[in-house]
Amino acid sequence: MAGGKLKFGGEFRDSAMEQAFTVARHDETLRQCRLLFLLSAALNTLFLLSDWRFAGTPHFFVAVPARLCVVAFSLLCFLLVRRATDIGRTLAATLLWEVTTAVAVAFLVSSRSDLALFVVLLLPSIFYLVATTPFRFTLLMGVGASVLMLTGYLGRGPYPSTLLGLVLVLAMLNFALSLVVIHANRLRRLEWLATRSERAAREALEESQALLERVFMAVPIPLVVTAVADGSYLRANEAAVRYLAAPGATGLAGRTIADSIGIDDRRRAIAELRDRGRIETLEVPLRDGQGRMREAVITAASVPVGQGQAFAAGIVDVTERNAAAAQMRWQATHDALTGLPNRLMFQETLADALASRGGGIVAVFLIDLDDFKSINDTLGHDVGDGLLVSVGRLLTEVLAPGDTVARLGGDEFVVVASLTEGGEAAAAKARQLLQALQRSFPGIEIAGPMRASIGFALAPQHHDEAGELLKDADLALYRAKALGRNMAVAYEPAMREAMNARVEICGAIVEAVAQGRILPFYQPQIDLESGAIDGFEVLARWDHPARGILPAGVFLLALQDPETARQIGEAVLAGVLADRRRWLDEGLAVPRLWLNLAPGVFRDPLFADGLLERLRIAGLSPAQFGVEVTENVLLTRQGDQAGPALHRLRGAGISVALDDFGTGYASLTHLRRFPVDVVKIDRSFVARIGEQGEDAAIVRAVVALTAELGLDVVAEGIETLPQQEFLRAQRCRFGQGYLYAPAVAAPDVPALLAQPDLRPAIDAGQGGVIPA
């Protein structure tokens with residue numbers, strides 16, 4: 001270190017370090033000074049007594065004063081040193097003693113007694129070797145004493161013949177003694193450095209050991225050191241004592257690792273320690289001091305202790321952590337309401353069943369409760385939740401051993417079963433599930449028996465991969481719902497083909513909507529008596545980039561998808577509002593436009609208000625529009641949702657038409673219950689009225705019925721003059737069909753409106769059809 005460098009005189013170059021060295025040796029310096037001063041006083045006192053023999057001689061009058069001076073100042077300096085509290089005072093007392101002693105002795109040797117020459121050489125030596133002063137003062141006092149001694153010795157002349165030799169001896173003596181002092185200074189300081197370094201290292205080691213001991217004892221994790229030979233505890237921290245000691249015990253004396261860990265786990269731990277020298281993580285069951293079985297993770301290392309070997313180990317109790325992990329795992333894999341496995345665990349279970357299937361059959365039954373939303377809406381969610389819990393319990397009870405039931409979400413359940421036979425056994429199990437669900441549920445009052453739809457698929461007959469098998473069951477469930485619900489349907493490959501076609505056409509339609517290729521077309525509805533246009537039905541058309549304008553029948557599958565149907569409806573409505581606004585601005589009188597409403601729009605309770613708001617923003621009157629709904633909407637549970645919306649629209653001035661009348665078996669009750677202005681006779685009846693069979697009778701009945709109820713009636717799909725004349729004879733007021741005009745684009749509407757009569761002319765001679 002830089003501070004350890006020494007000067008020529010053997011002292012530290014660093015003044016701070018030299019000061020520290022001096023302070024560290026101050027007590028020793030004081031003792032040395034006191035001893036030196038006392039010895040000086042004692043010896044000179046003895047010499048003083050000895051000098052009384054020279055009484056009356058010249059030497060007596062020289063020696064006595066000199067001796068008395070040395071004794072007096074030695075005692076004075078002794079007293080000063082005894083009271084010295086710092087280095088400066090000690091140095092001052094020492095220099096005072098050296099100066100007075102040198103002067104007194106120089107006076108003493110002037111007598112040139114027998115010992116004078118010896119004293120001349122001795123005193124500088126004492127100053128060099130005994131006085132504890134810094135090197136510069138030591139050298140100064142040594143050289144100064146030599147000069148004083150020589151001066152005092154030669155002061156009375158004559159000069160001896162050995163003068164030159166005496167000077168050389170004193171010079172050599174000072175040189176030699178200065179080297180001795182330098183060497184002694186270096187040795188003392190080097191020894192002090194080594195001692196201080198050793199002390200610092202020892203203190204650091206002791207502090208480190210103390211810190212390690214405190215840390216060892218304070219660590220909240222149990223730490224132990226055990227002997228390899230017998231498993232006894234050599235050391236243990238406080239946490240280990242609390243964890244492993246018996247109740248009331250203050251330590252682990254008398255206990256061994258065998259009291260906590262079983263023999264097999266001990267052998268496993270010892271083998272791993274001997275092979276690798278350490279244990280990274282070893283989870284073992286462990287008995288704590290209270291005798292409770294816990295789960296712990298042990299980490300350990302082999303350490304030498306004396307002549308033997310020991311293991312230092314840390315013990316982490318993971319009982320609560322494992323319990324929490326198990327709880328989290330249960331929550332992650334089970335439904336919170338029913339306690340059944342959820343979708344995640346079902347997928348794992350299905351994958352395991354398929355992997356271990358062997359030559360057997362795995363069946364997946366996807367179950368959806370019919371009209372569960374109505375139960376929630378009418379009886380409340382508490383009743384609905386209770387019903388779901390009861391259904392889950394019931395399904396669990398009727399399953400065979402090894403089968404699994406899970407809740408996928410909402411009112412959808414799934415059953416995974418292993419079968420020995422194929423389709424018949426699966427169909428029988430599906431019927432068993434349907435029958436079980438028709439039981440009554442204690443404490444839950446619902447109208448009629450519980451109904452459900454089931455779709456099921458088999459592996460390997462249909463697919464042997466979990467995701468595809470579940471998709472197959474979902475397609476079968478979709479078919480069961482489409483066929484009327486409350487039934488079980490097995491998967492067929494044609495279902496996937498239909499679904500793929502539906503997905504494909506939906507994707508194409510979504511792209512067409514984004515590109516603005518879904519357009520409104522307008523088919524006129526005419527007054528059968530005058531041939532004048534009374535209104536237009538708005539129909540969706542697809543402007544296909546390769547195939548041209550395509551009718552809605554081409555993308556009928558897309559209309560069956562609620563979201564795609566909504567997008568089509570939005571595109572058509574935007575186009576209709578723009579066309580109507582443009583016609584109004586151009587002064588073109590366009591009669592009422594009839595919008596077809598998809599069943600899905602009534603799921604939105606704000607649909608009616610939204611439509612009216614859009615009309616208001618466009619500056620259009622609601623009286624310029626009508627809406628058409630199929631009677632099937634009124635016959636299903638959507639009727640409860642459609643009723644308020646239709647009343648809202650009707651109250652604002654929008655007319656309501658019941659489309660495809662006769663195909664859904666609507667009753668008079670529905671005609672009176674809902675705000676209907678117009679009934680539209682389905683084209684399937686109009687097409688066969690010339691046969692004068694049941695269809696003609698139905699048309700007569702519908703026309704008569706609507707007349708009695710004060711409703712207008714529109715016949716759809718009129719394509720021949722006989723159909724027209726039959727309808728006119730029955731007093732059907734309005735009609736539409738290709739006999740008059742197909743649906744046309746908005747730019748062609750003005751040309752149609754310019755024709756006062758769209759009915760074709762009749763050639764009386766031929767009875768043919770001549771376009772007007």
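Hi everyone, let me begin with a term: buried means under 20% relative accessible area, exposed means over 50%, and partly exposed is in between, with a 1.4 Å probe and protein chains only. What we have here is a predicted model, where local features need pLDDT of at least 70, side-chain atom pairs count only at pLDDT 80 or more, and totals for chains, interfaces and linings use all residues. Residues are numbered from 1 along each chain as its sequence is written, and side-chain values use heavy atoms, with hydrogens and water left out.

Most residues other than glycine have a negative phi, and most peptide bonds are trans. N486, not a glycine, has a positive phi of about 55°. You'll find N486 in the loop between α15 and β10; helices here are DSSP runs of H or I with at least four residues, strands are runs of E with at least two, and both are numbered from the N terminus. Is N486 buried, exposed or partly exposed? With a relative accessible area of 28%, N486 is partly exposed.

R731 is another non-glycine with a positive phi, about 65°. This residue is in the loop between α25 (721-729) and β19 (734-735), and at 73% relative accessibility R731 counts as exposed. There is also a cis peptide bond between A459 and P460, with omega about 15°. P460 belongs to the loop between β9 (452-459) and α15.

Now for a helix, α16, residues 493-514. Its 22 residues should span 32 Å at 1.5 Å a residue, and the end C-alpha atoms are 32 Å apart, so the two agree; the expected span is 1.5 Å times one less than the number of residues. Buried residues in α16 include R496, R502 and C506. The buried residues of this helix pack against several elements, among them β11 (518-527), β12 (533-544) and α18 (562-586), where contact means heavy atoms within 4.5 Å. After α16 comes G516, with a positive phi near 75°.

Over in helix α24 (residues 694-709) sits T706. T706 is buried, at 1% relative accessible area. Leaving out residues up to four places away in sequence, T706 touches V679, L711 and V713.

One last stop: what does α7 give to the lining of the second largest pocket? Six residues, the largest share. By class, that lining has 14 nonpolar, 13 polar and seven charged residues; Ala, Val, Leu, Ile, Met, Phe, Trp, Tyr, Cys and Pro count as nonpolar, Asp, Glu, Lys and Arg as charged, and the others, Gly among them, as polar.
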